[in-house]
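Open the model in your viewer and keep the selection tool at hand. The stops below each say what to select and what is there.

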Amino acid sequence: MDFGDIKDIFFYPEEGEEGVPHDPDARFMKERIDEIPLMSPKGMFEELEKLGYRGQTVPRRAVTLMAYRHVKRLRRLYVEMEPREQVGKKNNLLLMGPTGSGKTFLIEQLFGKILKFPTVVVDVTPFSETGYVGQDPNNILTRLYHQADRDERLARIGIIALDEFDKLASIQNNAVFAGAGTTKDITGMGVQRELLKMLEASEVTVPVELTHSSYVETINVRTDDVAFLAVGAFSGFSSIVNRFSKGKVHGFATSRGDSRGHSFEDGAIAVTFEPEDVENIAYFQTYGFLPELIARFGGIVPFAALDLDTMRAILEDDVLSKTREEFAREGIELVIPDDVIDVIVRLALKRETGARGLSALIFRHLEEKAFELFGEKQGVTLRTYMEGENIRSVVE
Ligand SMILES: Nc1ncnc2c1ncn2[C@@H]1O[C@H](COP(=O)(O)OP(=O)(O)OP(=O)(O)O)[C@@H](O)[C@H]1O
Ligand SMILES: [Mg+2]
């Protein structure tokens, strides 16, 4: 009789029923995974809308579908307890697109808020810098472990967003974009190799604390079921695609329309990648990535720059409605006419900061007014108007 049998008989005698794992860890995982809402991709899409996510229909579909598959896969593994070989591998995604277009926001809302996975968004830039003690890529998993309430079982099914992923490109920021030499940044490649190991189903030794001490306790975390999302703006990527097509501009939409005849009017800013532009791993290799690392991402999802209407919707639904509500609670009616909203949105588009720039543009002004008025005046109206590029207001 082996030890497993003894354990079964003597320690868990009441759990012989079908489908209930004897091993306490497996039982724990079964219960936890069972608690994750099994929402359809469509359901997740709509739930995101309710949380204020706007536009990005195509990437939103791709990411919700990936999330659905991820939950389904975990259920097959931990609830239905199907053998691993039968279930197949996890799906990692690479999200690329302009700044402020909702890449990070989507991950946080979907995986963190809706599905409640242990989710970490890690800026990977420091990992490519030399001589920075304590920035071992394995620390990414330390962060996940902390996010999972220091439960390694939960860390195993977490979500890791590798933010600013494009900054790991070994030959970024140098002559390659001018068409000249290739100065290799060894450290960047080193980090990519480390990440490659992490992305592959492997057991990683993870320090339990983010410390520089070499005496820190470690745990082993398997990454078979950790989903990775690489995120980046990938500026300069378009020039690589263009170089491949021998200088001919194709496949990139800009604010002034593109060669395919798409027109964004006043809409999109910066560069919008089309799916066919990002399929070619050779482009990523030229950009400075190990092809085998890029190949670990089952899908590459291009995000478009937010257009005028989406930006307006975000400003209205998210930023302004909350601010109006707060002013109302203070007994102040906040009036922001359409032309002010229009100017703000256009300014944000011009600055190419995406939706991030929206609140900054109006907040600075409203913060000052809030300071002056809150708790001091009630029953008044604060009417905003534009004076050139500046927001002004009068108290009536
Ligand atoms: N599609 C969207 N719907 C609603 N709000 C959005 C959307 N995109 C961006 N925002 C708002 O703008 C902020 C910045 O967006 P986010 O952090 O997702 O940008 P990003 O695409 O990750 O950019 P970067 O490449 O600079 O990291 C969000 O916190 C959110 O408030
Ligand atoms: Mg981001």
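**First stop: a loop residue**

Select M81, which sits in the loop between α4 and α5 (84-87); helices (H or I, at least four residues) and strands (E, at least two) are DSSP runs, numbered from the N terminus. M81 has a positive phi of about 50° although it is not a glycine. Most residues other than glycine have a negative phi. M81 is partly exposed, with 13 other C-beta atoms within 10 Å. The scale is this: a residue is buried if 20 or more other C-beta atoms lie within 10 Å of its own, exposed if 12 or fewer, and partly exposed in between, with C-beta atoms placed from the backbone.

Before moving on, note that this is a predicted model, in which local features need pLDDT of at least 70 and side-chain atom pairs count only at pLDDT 80 or more, while totals for chains, interfaces and linings use all residues. Residues are numbered from 1 along each chain as its sequence is written, and chains are lettered from A and ligands numbered from 1 in the order in which they are written.

**Second stop: the other end of the comparison**

Now select Q56, in the loop between α3 (41-50) and α4. Q56 also is not a glycine, and its phi is positive, about 55°. Is Q56 buried or exposed? Q56 is buried, because 22 other C-beta atoms lie within 10 Å.

**Third stop: the whole protein**

Zoom out and colour by secondary structure. The protein has 15 helices and 12 strands. Of its 396 residues, 37% are buried. Take the contacts (C-beta atoms, placed from the backbone, within 7 Å) with a separation of 6 or more: 70% of them join residues 24 or more positions apart.

Select L110, I160, A161, L162, L229, M311 and L315. These have the most contacts inside the largest nonpolar core, which has 92 residues. A nonpolar core here is a set of buried Ala, Val, Leu, Ile, Met, Phe, Trp, Tyr and Cys residues joined through C-beta atoms within 7 Å. Helix α4 (residues 57-79) gives the most to this core, with 7 residues. At least three core residues come from each of domain 1 (89-302) and domain 2 (308-395); the bounds come from an automatic or database domain assignment.

Show ligand 1 and select its shell, the residues whose C-beta atom, placed from the backbone, lies within 6 Å of it. There are 17 residues around ligand 1, of which T99, G102, T104, F105 and A355 come nearest. The shell divides into 5 nonpolar, 9 polar and 3 charged residues. In that count Ala, Val, Leu, Ile, Met, Phe, Trp, Tyr, Cys and Pro are nonpolar, Asp, Glu, Lys and Arg are charged, and the others, Gly among them, are polar. Each of domain 1 (89-302) and domain 2 (308-395) supplies at least three residues of the shell.

Which helix gives the largest share of the shell around ligand 1? Helix α6 (residues 103-114) does, with 3 residues. Select α6 next. Its buried residues are K103, F105, L106, I107, Q109, L110, F111 and I114. They pack against α3, α4, β1 (93-96), β2, β3 (159-163) and β6 (227-232).

Select L306, in the loop between β9 (299-302) and α13. L306 counts as buried, because it has 28 C-beta neighbours inside 10 Å. S101 is 205 residues from L306 in sequence, yet their C-alpha atoms are 5.8 Å apart. Leaving aside neighbours within four places in sequence, L306 is in contact with G55, S101, M311, G354 and A355.

**Last stop: helix α14**

Finish on α14 (residues 338-351). Its buried residues are V340, I341, I344, V345, A348 and L349. They pack against α13 (308-329), α15 (356-373), β11 (380-387) and β12 (390-395). Just after α14, select E352, which takes a positive phi of about 55°.

Technical notes
Contact = placed C-beta atoms within 7 Å.
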